[in-house]
Amino acid sequence: MPYRDLQGICACLALTLAAQVASLPAWVLLTVVACAGIRLLLARRGGTAPPRSLRLGLAAVAIVLLFLQLHTFNGLAAGSALLALMAGLKLLETQTTRDIYVITLIIYFLSLAALLEGDSFWMLAYLIGVCWLTTATLLRLTTAGTTGGGAPGWRLSLRYVGRLMSQALPLALILWLFFPRFSGPLWHLPATARSAESGLSDTMSPGDITELALSDDVAFRVHFEDAVPPPHERYWRGPVLHDFDGHTWRRSYSAPLHAAKLRTEGPAYRYTLSLEPHQHHWIFTLDWPVQWDLPRAALTADYTLVQPEPVSRPINVQATSYTRVQAAEPLQPMQRRRDTRLPPDRNPRTLQLSQTLRRAHPDDMDYVRAVLGMFTQQAFYYTLTPPRLAGDSVDEFLFDTKRGFCGHYASAFATLMRDAGIPARVVTGYQGGTFNRFADYWIVRQSDAHAWDEVWIEGHGWVRIDPTAAIAPSRVEHGLDAALGADEPLGSRWQRDTPWLADTRLRLDALRQLWRERILFFDQDSQQKMLETLRIPQPDGQKLVMVLAAALTIALCWLTWTVRRELKPTPKPPLVRHYLRLCAKLAAAGVPRMPHEGAQAYAARVARCRPDLAAQVTALCQRYNFLRYGTAPAHITVRQFETAVRAFRPKFKPPRPALRPPDSHAS
Amino acid sequence: MSTLRQAATLKLRAWAARRHGPDSLPITIHRRRIYILPTRFGIMLALMLIAMLVAALNYNSNLGLAFAFLMASLGVVTMHHCNRNLLGLCVDATTEADAFADGEARFEFLLRNDSSVERRDIEIRCLAAGTGGRGSGSGDGTDAGGTMGSGGGGVQPKSSATLTVTIPAARRGVLRLHQFELRTRYPFGWFHAWSYAQCSLIAYVAPSPLGSRALPPGAERGNASRSEVRGDEDFSGLRPYQPGIPLKHMAWKVLARGGEAAVRSYSSTAAQPEWLEWSSLEGLDTEDRLSQLCLWILESDAAQRPYGLRIPGQEISPAQGAAHRVNCLRALAAYGIAEPQ
């Protein structure tokens, strides 16, 4: 086993594992690295593999450790970890090419495992690159053992494997396009290890949403089928928070999966929402959702769309929402109790204020307007950098600091409502979004995260009140940038302020969305549409398989042709081709050219055998000699020679028997 | 398992021999005579590809599918390249080889590559006769596939290369091989493609040169006069040049004057030829006699003396040179072995 090839295979394994650093246990990675290091050291010293008992013991310990940690060998993470361990331990004992073969197979499979839950173009490109390198190493290994000339160099190997891969590309493309997709998994997938949650959480303390506002990550993208709701109706509903302890709002898990009927008004908005994974159960929808295409998702009693598993992979949801609704059923007493409850001895100054206001405004709607009016009349500021609040956060905010972000206002407003006995709850989600004019969709980023309130008004049902809109109306109409002062520490604002940079970002995002819709979400429906564009009537699975077979046949014919094409000898120059045609004609006439004969000698022999052809053949061969070897006179050209050969039509005559050479004739 | 494999290989070889009939060298490897199968590693790869496909389908992962399909297509392309590595190659061979017992016979194969692609990793295997042990001397050193020897190498584009296959020759005799095989596992060892050529290769295995008997008396005298001659070369005249005569005896001056190529002959080398006789070796068994004769032939040849060989049923008149030596050694190798029909 040459040291350099061992190095190559170790490098390939390391590159594959690099793609899975996040999902593999750290000690597995360390074990593999240690094994590779030990083996390389041994190989450098010219030593052989460590003893068999040590290797077996190590393998047993590693597998037991793995089981203790993961409690299963089933599933992607455990399987990948096991494969990685096996590759590492196999490295320890690599002696022959066969061991390397096993390691290359593991590398291929680990690459696939990294792709199963991945979604990025770069990951695919990277792993194809790794496989390219692995295959080149394999080429060097297999040819090193047997060829006398030794293995081809790295550059040559990479070029050769690259050519093979480019020849494989059309075939792979056809398979990918036409291989029938299934609507669901073949069997139940074991739950994967959860990665870190992102975006909104199910609690809200003052300052939580501020952190989100600094993030430029995309939460989801939305494409509206027809009408687009106006900005002040573009509220994307997330978790609804009910329980307040004076500082933090929490989601109530007692909410049953039953949403009361709504009376809808106004236009229906149909849209496709491409949700990025955030590891929570809820799915953001335009306020208020009435219909969606996820079979396992359902509405909670507070109208949040949830599904049983957390969103751990990108999903697409087609949904319909109405922005104007009314409750058709009265509020349940239990719900009313929950949404008017406050911690008894917190925020006393707020309670005092609400009692004063309530006395002046006994009507619920009047009271709401009075509170909103208070926010606009007094010196409240909308800012990303409010002072820190401790203890009775609402009291401090309303009476001392008066500076806050959407969460502060939503929290204070809901407290004021509950103090007055009006059921109120805090809704978190996103508001607004950026239109991508290079492709027809809206981008909603984490910086669009928002919190607002809903209050129960008899006769109307739950009414959305956004106190932030009262302080900073431009937040709702034009987004966060417009609402905040220029000195706010908003992340990457300079990028958005530079037009060409903003355009570039949008174009890149459009590409990303295209990748997602066309590649990641290529499914049965897409295949059916594809067959329709191919003008195949009544497309179904059977026709798809037939198209696949036809396309594969064509591709395989092409492959055979293209691989064998290189075997053909290089085409001869036209002059020689014409001369060979002349020879073929003469051969058909009964005077084949001998392999050793030049044009002149041949002409002389033809002249002797066939005096009837002598003049023509001598002239033609002379011309050929001029063109091929001499400086031809201006009037003799290849074209002319060609027409002369074409015009030459000798008749067949059986050869005369016993033609004697001229010198013996003379004697 | 391995005997099953061996039996299958033998069946296949016999079938290929019937299908293609005897070949005449040189052979151009036509596509209809190339066979291809996945290697054990290739089968492992195929199983892994199926696992990949199932995993990607189960996870509904389009990227995983793309990767699995790319690897599968790479496998198909590799199959074509493996096949192409033999396609159109032109093979010629030295059909006769000489060896001594306990030594090895070397067959040389000339591979001509007229195409513009490099052929790599080509192996030639000389195969023992069908059932093994039928031809005399075969049956030694064969492995499971009936291979007697193999050699590997590559051919640059538009050029040719020589591969040497060494075959162990254990016993004196005539080793006949009726088939040889070109095979390749290029490029990745996922497939092996092979092609059979039916043409007989003959190795004459002379006895190993052993013995303690002195040369016959006539030869002794020749030897003595030879040592005399070393001092002053006793020029006795010119005789026409024949291939095989050492160049140092060439009469260059005669040639330079425009005469015919001639060699100087000396009284010692012109001395009466020695006869290496079977009958002079009384009391030894056949193989020992042959070994002794072989040793004498080599000694006489090294001393550049003319010699003749007399064994029962054959007499080779005295001469000198490489061709003569080969003739004599082949006579020893074939002694007592029936000519095949």
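Which domains does the domain assignment of chain B give? Domain 1 covers 2-37 + 86-206, and domain 2 covers 217-333. Keep in mind that this is a predicted model.

**Stop 1: the two domains of chain B**

Colour domain 1 and domain 2 of chain B separately. Seven residues of domain 1 are in contact with eight residues of domain 2. On the domain 1 side, select strand E9 (173-177) and strand E12 (201-206) of chain B; each supplies at least two residues. E12(B) has the largest share, with three residues. By class, this side of domain 1 divides into four nonpolar, one polar and two charged residues.

**Stop 2: chain B against chain A**

Now show both chains. Here 48 residues of chain B are in contact with 48 residues of chain A. On chain B, select helix H2 (40-58), helix H3 (62-84), strand E6 (119-127) and strand E7 (147-155); these are the elements that give two or more residues to the side touching chain A. H3(B) gives the most, with 18 residues. Colour that side of chain B by class: 26 residues are nonpolar, 16 polar and six charged.

**Stop 3: a helix pair in chain A**

Move to chain A and select helix H3 (residues 52-70) and helix H4 (residues 76-92). They pack at an angle of about 165°, with axes 11 Å apart. Angles over 145 degrees count as roughly antiparallel, so H3(A) and H4(A) are roughly antiparallel to each other. Their crossing is right-handed.

Show the side chains next. From H3(A), the contact residues include A:Arg55, A:Leu58 and A:Leu66. Facing them in H4(A) are residues including A:Ala78, A:Leu82 and A:Leu89. By class, the contact has 12 nonpolar, no polar and one charged residues.

Terms used:
Residues are numbered from 1 along each chain as its sequence is written. Chains are lettered from A and ligands numbered from 1 in the order in which they are written. This is a predicted model: local features need pLDDT of at least 70, side-chain atom pairs count only at pLDDT 80 or more; totals for chains, interfaces and linings use all residues. Axes are lines fitted to C-alpha atoms, for helices over the stretch in contact, and angles run from 0 to 180 degrees between N-to-C directions. Helices (H or I, at least four residues) and strands (E, at least two) are DSSP runs, numbered from the N terminus. Angles under 35 degrees count as roughly parallel, over 145 as roughly antiparallel, 65 to 115 as roughly perpendicular and the rest as oblique. A crossing is left-handed if the near helix is turned anticlockwise from the far one by less than a right angle, and right-handed if clockwise. Ala, Val, Leu, Ile, Met, Phe, Trp, Tyr, Cys and Pro count as nonpolar, Asp, Glu, Lys and Arg as charged, and the others, Gly among them, as polar. Domain bounds come from an automatic or database domain assignment.
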